Amino acid sequence: MKPQCLSKLQKGEIARIVTMDQDAPVCQRLMNFGVLPDKQIRYIKPAPMGDPLEFEVEGRAFSVRKTDACRIKVLPINGL
Amino acid sequence: MEDVDSRAFEKPLQLALAGNPNSGKTTLFNALTGLRQRIGNYPGVTVTTTTGSMFFDQKSAYITDLPGTYSLAASSLDEKVVHDYINGNLPHVSKPDVLVCVIDATHLSKNLFLASQLAEHHIPMVIALSFWDSASKHTHFELGLLTQRLGVPIVPINAAKGEGIAELKSAILDAHANSKTMTRILWDAKIQEVMDAFKKEVEQKGERLSDAEVQRYLFDSYVPSLHRVKIDPVELKKIVDFHRAKIRQGGFHPHTAEAVLHSHHLNPLLIGVVSSGKTRTRRAESIDKILTHRFWGFAAFVLFMYLIFQSVYSWSSPFMDGIDFVKGFLQGQASEALASFPQLQSLVTDGIIEGVGAFLIFLPQILILFFFISLLEETGYMARAAFLMDRLFSWSGLNGKSFVPLLSSFACAVPGILSTRTIEDQKSRIITIMIAPLMSCSARLPVYVLLIGALIEPRYGSFVAGLTLFAIHLLGVIVALPVALILRFFLKSKQSKPFLIEMPEYQIPNIRNVSSRMWNEAKEFIVRAGTIIFAITILVWAALYYPRPADLEEKVKQEMHASYIEEGGNGGEFFQALEDEESDISAALGQKIDSAYINQSYLSRFGKAVQPVFDLAGFDWRITVGILASFPAREVIVSTLGVIFSLGGEVDEGSHSLREAINHSVWTQGSKMGQPLFTIPVAFSIMVFFALCQQCGSTLAVIRSEISTKWAVWSFVYMTLLAWVGSVATYQFLNLFF
Ligand SMILES: Nc1nc2c(ncn2[C@@H]2O[C@H](COP(=O)(O)OP(=O)(O)OP(=O)(O)O)[C@@H](O)[C@H]2O)c(=O)[nH]1
Ligand SMILES: [Mg+2]
């Protein structure tokens, strides 16, 4: 399966982070925040107007904008 | 000499609190120093450094609370402060002797990244594990093992309850005495090579950099400008770029290598330390099912805001009546005591007590407002509100991080503007600062409540009154969005920084934090009553009381006599009635004399000269004077109006309240002579003026220091014009209906 955009996950879906665009400022920020490749990420939900999106990594929730989220490629983990 | 304790001569210890945003640094700071700095359950409450003093058994120490940051790779102003402080690059402060790294125990591994970065500074360190109360419920920590591995004391604390403070203090002394620094990362050989080479090259240019500074130069996405480094920036950038290329060749990305390598360093250290029982479900998520729901989220937001303003409005009435009663009582006492010194009597009763009292009467509203504001801050709702609103704000060039500064501007624009330091993008920051003063701050509350209470509530009831208060607060927001849009158009576009906000867990508000916030605000409010309000009140009184021409009373009496006869009255009867101080004619004469004095006073002459500027907005000279007096600080309006109406004799014996005076006052000049002054259109016109006008010296000073004088001038000019246009439009439009 090909890694997909983080923003393409279904609500509540869990995925593993495969790559993060290291040139993107948002990824640099997120990596400092503790979001790193290989970690599990869960898409909680979008804001009422569709943007930004809320995610959770290791019990810590945060939100980023859709365009920024797409700098992260993930593989959904099935059956969890 | 030997028996003198040598420690008494030592320089006091310098401590610093560092840690991730929202990890509880300020809570700990307050517990250690006994101060009451602001605390809130959202990232970015503290944006500047605060230093306080504290005591160990025999030693005194200074401790500095730093803004929260996830990493030393700073991208916003508040984060840069942390970096500068720890490197001793701020003026007048030395490097800390001991770093207290505050780590949220519920997110131990992520929080340790910053600690590991800090370890590179070779400063003795203590780790304070905050949120121990909630973390230890679900998770078991092998703290002995971790202490051994990290090499620094680790102390679980619950700062809000004062638990672990004594242990923390002795750990600090221990770390200081034994120079306990945290286990450093062992850098990948290739990276270490690049760092050494960079350091050497800079050294050849005559500058010595510490290891930690080298890392900032190589890893941060911008080239940090350390003021002390005297190398030409262009040349420096070349050197930096050269070595960053080397890092890339080694298979790392310069801007992420740090995060990746520190995590590789930390993960093994954490093995066997943390064992969690059952996985915790985040309480926040079920609450957010409603509070950030597609529809219910917004409904709840509007409902909260409405409830706040309704309560500010209706809960405060009994307290206001109480204050009003005390004010009237004091005036009565003072008036009697000073009866033989008419000037002093007038200064004290019509000037000081009336002016300061008219201001103080709004203390209950301020307290209620801040009660709610601190509830919002404490529960963790602020981050949700930012999440809800981000899209709306992004349309006008703002990001979600603008939301918190704007929301705090509803309390006061000054801290609101300071908190824009968390916004990385300079353009968004300027736009946010420019619109922050449009948010209706608590200083505007008195004038709104005064007018709504005098004119809206008696006619339309308290539901509409609350709604009006809500609407007038909304006005600033509605006007702010297009202003932001226009500013975005004019400001040259720079690369915009990403939006990332943490959504903290909800928590039950801590009564101590709430009451301390209310207490701080009340104190400030009362101090203002005793200083600026007091001073301006006396000035206004003097300008209204003088001059006192000797023949004025006689002239008024003659005029009144003449018109009495003209209307077919009997001259003798007139003078007879005057003998009786209780008669209608006496009362009418007294009133006429009062208003004759005030009409020829310096302030009135000045007001009448300026009044044409505001004629289209429906303001008479008194409102004009009130507005002009309010430019240094907008809350002055209520005390100024209080003095004007009191001296004008319109606050009579039976009704001391300014509210009633406003209801009865009439035009004293021009074509509208004799008509009621405060009509519904005038009330709205004044409220709109105050909602939009930049009447705050402190805000202008902050804008000046946070951006530049130019922007402060712009802020003043555009808001004042906007206020004039807004109030004229409101008056003219409403006049069509009322
Ligand atoms: N349960 C619990 N809550 C805490 C503890 N320490 C702080 N809090 C709460 O956590 C929130 C954040 O506390 P602050 O002290 O403002 O955090 P800060 O680190 O100064 O945050 P910034 O200034 O934004 O960086 C507040 O709501 C506190 O009441 C703790 O030990 N246990
Ligand atoms: Mg703080």
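This is a predicted model: local features need pLDDT of at least 70, side-chain atom pairs count only at pLDDT 80 or more; totals for chains, interfaces and linings use all residues.
**View 1. Polar atoms beside the oxygen atoms of ligand 1.** The side chain of Thr46(B) places a polar atom 2.7 Å from an oxygen atom of ligand 1. The backbone also takes part: an N or O atom in the backbone of Gly24(B) lies 2.9 Å from an oxygen atom of the ligand. For Ser23(B), a polar backbone atom is 3.1 Å from an oxygen atom of ligand 1. Ligand 1 taken alone would expose 650 Å², of which the protein buries 95%.

**View 2. The side chain of Glu502(B) and its polar contacts with Tyr70(B) and Arg60(A).** Glu502(B) belongs to strand 9 of chain B, which covers residues 500-503. Is this residue buried or exposed? Glu502(B) counts as buried because its relative accessible area is 10%, and buried means under 20%. Its side chain makes a polar contact of 2.6 Å with the side chain of Tyr70(B). A further polar contact, at 3.0 Å, links the side chain of Glu502(B) to that of Arg60(A).

**View 3. A nonpolar patch on the surface of chain B.** The patch is formed by Tyr460(B), Phe733(B), Leu736(B), Phe737(B) and Phe738(B). Together these residues have about 620 Å² of accessible area. Tyr460(B) lies in helix 20 of chain B, which runs over residues 445-490. With a relative accessible area of 41%, Tyr460(B) is classed as partly exposed, because this value falls between the limits of 20% and 50%.

**View 4. Ile627(B), a buried residue in a helix.** Ile627(B) is found in helix 26 of chain B, made up of residues 621-629. Its relative accessibility is 0%, and therefore the residue counts as buried. How far apart are Ile627(B) and Glu213(B) in sequence and in space? These two residues are separated by 414 residues in sequence and by 53 Å in space, taken from C-alpha to C-alpha.

Note on methods: Residues are numbered from 1 along each chain as its sequence is written. Chains are lettered from A and ligands numbered from 1 in the order in which they are written. Side-chain values use heavy atoms; hydrogens and water are left out. A polar contact is a pair of N or O atoms within 3.5 Å; within protein, one must be able to donate a hydrogen and the other to accept it, and residues adjacent in sequence count only if both atoms are side-chain atoms. Accessible areas come from the Shrake-Rupley method with a 1.4 Å probe; for residues, only the protein chains shown count as cover. Patches are made of residues with over 30% relative accessible area and no salt bridge: like charges are joined within 9 Å, nonpolar side chains (Val, Leu, Ile, Met, Phe, Trp, Tyr) within 5 Å. A salt bridge is a side-chain nitrogen of Lys or Arg within 4 Å of a carboxyl oxygen of Asp or Glu. Helices (H or I, at least four residues) and strands (E, at least two) are DSSP runs, numbered from the N terminus. Buried means under 20% relative accessible area, exposed over 50%, partly exposed in between (1.4 Å probe, protein chains only).
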